[in-house]
Amino acid sequence: MTVVQNNPEVRVLGKPQNFSPPCCWFPLSRQKTILEYSFKFLRVSAHGQGIPIEAAMESKRFRYVSTRASKSDSMTYSFQDVLLKGFAPDGGLFVPVEIPKLTEAILQEWSRLTYPQLVVAIAELFISPEEIPRIKLSQLIQDALGSFRSSNVIETHHLTAPGHASVIELFHGLTLAFKDLAMTCTAKFLEYFLAQSQQHMNIIVSTSGDTGAAAMSAFRDSPHVDFFVLYPLGRVTEFQELQMTALAATAKNLHLFGINGTSDDGDDIMLDLFNDSAFAQGHNLSSVNSVNWSRILIQIAHHFFAYFQVHRDGERAPVEIVCPSGAAGNLSAGLFAREMGLPIRLVACVNENEFVHRLLSTGVVQTDATVKQTLASAMDIQMAYNMERILAKNGTNFPQNCSQKLSEVFVSSKTTDAEIRAAMKRCWDEEQYRVCPHTATAIHYHYKQTAVAGGEDTRRACLATASPIKFPEALTEAGVPLPDMTILVELRAKPHKVVQLKDKNSWIPSVRAAIELVSK
Ligand SMILES: Cc1ncc(COP(=O)(O)O)c(C=O)c1O
C-alpha cells in the first residue's frame with residue numbers, strides 16, 4: 001500500500017490526504033504493468049478448484065472475506081453483514097471464502113430449472129439457512145422476479161447466422177435493463193433483514209444510466225430505506241433520465257441528483273462519503289452498486305442460464321459468454337460461475353473506454369485521463385471497480401501464473417462507435433432483430449469471430465443487457481427503424497423531480513446535507 005500511496009502517478013479515489021478505506025487505487029502511468037504493481041489473482045482463482053458441496057458444509061460455508069484481507073486474516077463475514085455493509089471495512093470488496101464445486105449430476109438437474117429456480121438454487125449455496133430460511137429465500141426471490149414483464153423473466157433469441165450465437169435477453173424487468181434482475185432480489189433481501197432489526201438505512205448508488213432506475217424501482221416506498229442516486233447530466237439517454245426523474249417524483253424515500261460530471265465522478269463522490277467512516281457509520285450508509293456481493297451473487301445465474309440455453313441437449317462443451325462490460329460486475333459473476341464448474345470462457349466487450357480491455361489484453365493497469373462519451377453510454381466507465389474481485393492487490397508477491405490464468409478465463413474486445421452502429425444495423429438487416437448499443441458490442445465480437453477461420457464453430461451466448469427501446473437515438477444513428485415508442489411518450493408526460501448539481505464544489509456538501517436531513 002505504501003508504495004502506491006507515495007507514487008504521484010497513482011490515481012486515488014476518495015481522500016488522499018487522510019486515507020481510510022474504502023478507497024480504490026489505480027496507477028495512471030503508461031509504463032506500469034500488472035506485474036510491477038504486484039496484483040495477485042483473487043483467492044477464488046488462486047485456489048482454483050473450489051470445494052465439493054459436501055465438504056463445504058463445514059464452517060467456511062456461507063462466510064465472506066475482503067479482497068484486501070491477507071491470507072492470515074481470519075476475519076469472515078455473514079451474508080447479512082456483506083449485504084448491509086456493501087464495502088468491506090478495509091475498503092475491499094467481499095468475496096466468498098469457499099466456492100462450492102458442482103457435480104455433473106447437479107449441472108444436469110440445474111439445466112432443467114427455470115430462471116427463478118436457478119437463482120434460488122445458487123442463492124442457497126451462498127446464504128445460510130439460519131440467516132434466511134429456505135422457504136423464505138425462495139419466496140423473496142419469486143416475489144422479486146414476479147414483477148417482470150415476461151413470465152419467463154429472461155427470453156432467448158437464437159441468431160440465425162452466421163455461426164452459433166444465442167442472445168440472452170436480460171432486460172425484461174420493469175426498467176428494461178439487466179440491473180432489474182439482481183436489484184429486485186437485493187432489495188427483497190435488504191428489506192427482510194431491516195424489517196427484522198427495525199433499522200433504517202441510507203443507500204447510495206452512482207449510475208451510468210441503468211442502475212439508478214432499477215434501484216429506485218426496486219426500493220420505491222421501502223419503509224426502511226432512503227435511497228440516493230447520482231447520475232451524470234447529459235451522459236445518459238433521455239429515456240434513462242426520464243425513468244429516474246419520473247420515479248423520483250413518485251416516492252418520498254427516493255432522492256435523485258444529476259451532477260455535471262461523469263459516472264466516475266459519481267463513484268468518487270460515493271467513495272468520499274464512505275471514506276468518512278464516522279459519517280458512513282453515523283448515517284448507516286451502504287451501497288448496492290455492483291460493489292455489493294448480493295448483486296454479483298444473483299448475476300451468477302445469468303451465466304448458468306445462458307450456458308443451458310446454448311446446450312439444450314445436455315452437452316458440456318465450453319461456451320463463450322460474451323459480456324458487454326463497464327464496471328465488470330457480469331464478468332466477475334461469470335468468474336464465480338466458472339469456479340463452480342461451469343465450462344465457460346468469458347469475453348469482456350468494452351466500448352472506447354478500454355481500461356478492462358487493456359488490463360486483460362496487455363496486463364497494463366491504466367485509466368485514461370477522461371471518460372469517453374460513446375453510444376454505449378452505460379458502459380462509459382474507466383474505473384471498473386469489480387476488477388478488484390478478479391484481481392486483488394497484494395503489494396508484495398505476484399504469482400507467476402497470473403497473466404496466464406487470466407488468459408485461460410478471459411478474452412477481451414474493444415468496440416468503436418462505428419462498429420456498434422454497424423453491428424446494430426447488420427443484426428436488423430439480417431434478421432429484423434434490434435439490439436441496444438451495449439448488446440451490440442457483444443454482437444460485434446460474434447460477427448468478428450465468425451469472420452476468422454474456425455470462429456464459426458465456437459458456441460456463444462451474448463448477454464443482452466438493455467432493451468433497445470431505451471436507446472432510440474442510437475437506433476436512429478445506426479439506421480435501424482424505431483419500435484413503438486409509446487412508453488417514452490408516456491414517460492415524458494409524467495411528473496419529474498431531480499436536484500441538479502452543476503457546480504463541482506457543491507456535489508459532496510449537497511449530497512451529505514441531503515443524507516443528514518433524512519437520517520432518522
Ligand atoms: C446496458 C448495460 N450494459 C452493460 C453494463 C456493464 O455492466 P457491468 O457493470 O456488469 O460490466 C451496464 C452497466 O452499467 C449497462 O447498464
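This is a predicted model: local features need pLDDT of at least 70, side-chain atom pairs count only at pLDDT 80 or more; totals for chains, interfaces and linings use all residues.
## Basis of the model

Local features require pLDDT of at least 70 and side-chain atom pairs pLDDT 80 or more, whereas totals for chains, interfaces and linings use all residues. Residues are numbered from 1 along each chain as its sequence is written, and side-chain values use heavy atoms, with hydrogens and water left out.

## Ligand site

The ligand is surrounded by 16 residues, each with a heavy atom within 4 Å of it. The closest are Lys-179, Asp-210, Gly-326, Asn-330 and Thr-465. By class, this shell holds seven nonpolar, seven polar and two charged residues, with Gly counted as polar and Asp, Glu, Lys and Arg as charged.

Ligand oxygen atoms lie 2.7 Å from a polar backbone atom of Gly-326, 3.1 Å from a backbone N or O atom of Ala-327 and 2.8 Å from a polar backbone atom of Asn-330. The protein buries 98% of the 400 Å² that the ligand exposes when taken alone (Shrake-Rupley method, 1.4 Å probe).

## Helix α13

Helix α13, a DSSP run of H or I with at least four residues, spans residues 329–339. Of its 11 residues, 10 are buried, that is, under 20% relative accessible area with a 1.4 Å probe and protein chains only. Asn-330, one of the closest residues to the ligand, is among those buried, as are Gly-329, Phe-336 and Glu-339. Just after α13, Gly-341 adopts a positive phi of about 120°.

Note on methods: A polar contact is a pair of N or O atoms within 3.5 Å; within protein, one must be able to donate a hydrogen and the other to accept it, and residues adjacent in sequence count only if both atoms are side-chain atoms. Buried means under 20% relative accessible area, exposed over 50%, partly exposed in between (1.4 Å probe, protein chains only). Helices (H or I, at least four residues) and strands (E, at least two) are DSSP runs, numbered from the N terminus.
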